[in-house]
Amino acid sequence: MRNLSGGHIEEFVLVGFPTSPPLQLFLFVFFFAIYLLTLLENALIVSTIWLTPSLHRPMFFFLGHLSFLELWYINVTIPRLLGAFITQDSRVSYVGCMTQLYFFIALACTECVLLAVMAYDRYLAICEPLRYPSLMPSSLATHLAAASWGSGFFSAMMKLLFISRLSYCGPNIINHFFCDISPLLNLTCSDKEQAELVDFLLALLMILLPLLAVVSSYAAIIAAILRIPTAQGRRKAFSTCTSHLAVVVIYYSSTLFTYARPRAMYTFNHNKIISVLYTIIVPFLNPAIYCLRNKEVKDAFRKTVLGRCHSLGDIPD
């Protein structure tokens with residue numbers, strides 16, 4: 001262990017998932033394949049929405065932001081996990097760890113708020129269909145997306161302000177595959193009660209308030225759908241929000257399980273497994289869920305890919 005002057009830790013060791021070499025090789029190949037597929041899926045979603053004028057509407061505008069966020073998200077977490085499989089452990093400097101932590105918190109909080117904004121958008125589209133264009137103009141959609149990013153990065157800055165003031169004297173081993181809040185708080189040798197309180201309150205603010213907005217929106221959506229007289233009309237209305245609802249359930253359930261009780265989870269190795277769900281599996285599944293459930297996205301995606309293939313085929317030898 002190398003220390004800075006004053007006894008502060010200069011680097012941390014990320015344990016990852018220590019196991020037998022054959023299993024490590026399998027997990028490396030598995031997560032590397034997921035990493036490449038997630039990059040490809042989300043990049044195609046962003047480019048498809050950008051290049052298709054018919055998708056330049058608030059619903060797809062928010063989806064584009066979500067896919068762009070997922071691209072950034074996996075580049076914060078997966079490279080560290082892959083490095084741990086290659087070298088048995090992954091070393092990260094103190095500054096690098098705090099930087100990774102900042103972007104991880106910012107992106108996680110941004111996703112929570114963005115999912116709530118998307119739920120509100122679906123509420124307006126289903127409950128106020130005639131007034132939807134006036135209630136959700138492109139200018140408001142831009143402001144809501146900017147507010148999602150701004151609140152996420154501001155929340156991360158406030159959390160990091162308290163966490164970075166703590167002292168870390170040793171040990172420097174983090175039982176995780178990336179720098180997360182709870183393992184860092186568990187390693188500090190200074191009083192962490194204030195940092196824990198700020199972390200917990202901001203987690204409640206950035207998780208539970210958006211979740212309350214999601215629940216309220218879907219309660220109104222379900223009530224509006226039940227008032228539709230025909231079964232076909234109810235299915236058509238509900239199909240417009242099932243993909244978003246699936247993503248919300250997966251993301252919020254795993255996030256709440258991890259962060260609702262920060263003290264209790266210190267001793268749980270299962271926390272790493274849950275972290276894999278919302279940092280790796282959810283970004284991987286999101287594009288598939290939205291594409292499979294949305295005909296417009298599927299058609300635009302097919303046209304974009306086929307158009308690109310035709311343009312490549314027209315290039316002379």
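Cys109 counts as buried (under 20% relative accessible area, with exposed over 50% and partly exposed in between; 1.4 Å probe, protein chains only), at 7% relative accessibility. Cys112 is buried too, at 2%. The sulfur of Cys109 lies 6.3 Å from the closest cysteine sulfur, that of Cys112, too far for a bond.

This is a predicted model: local features need pLDDT of at least 70, side-chain atom pairs count only at pLDDT 80 or more, and totals for chains, interfaces and linings use all residues. Residues are numbered from 1 along each chain as its sequence is written, and side-chain values use heavy atoms, leaving out hydrogens and water.

## Disulfides

The whole structure holds two disulfides (cysteine sulfur atoms within 2.5 Å). Cys97 and Cys179 form one, with sulfurs 2.0 Å apart. Cys97 sits in helix H3 and Cys179 in the loop between E3 and helix H6, 82 residues apart. Both cysteines are buried. The S-S torsion of Cys97 and Cys179 is about -125 degrees, so this disulfide is left-handed.

Cys169 and Cys189 form a disulfide with sulfurs 2.2 Å apart. Its torsion is about 50 degrees, so it is right-handed. Cys169 is partly exposed at 40%, and Cys189 is partly exposed at 41%. In sequence order, the bonded cysteines pair 1-3, 2-4.

## Sheet

Helices (H or I, at least four residues) and strands (E, at least two) are DSSP runs, numbered from the N terminus. Three strands form an open, mixed sheet, ordered E2-E1-E3; pairing requires at least two DSSP bridges. E1 and E3 pair in the parallel sense over two bridges. Val13 stands opposite Ile173 in E3.
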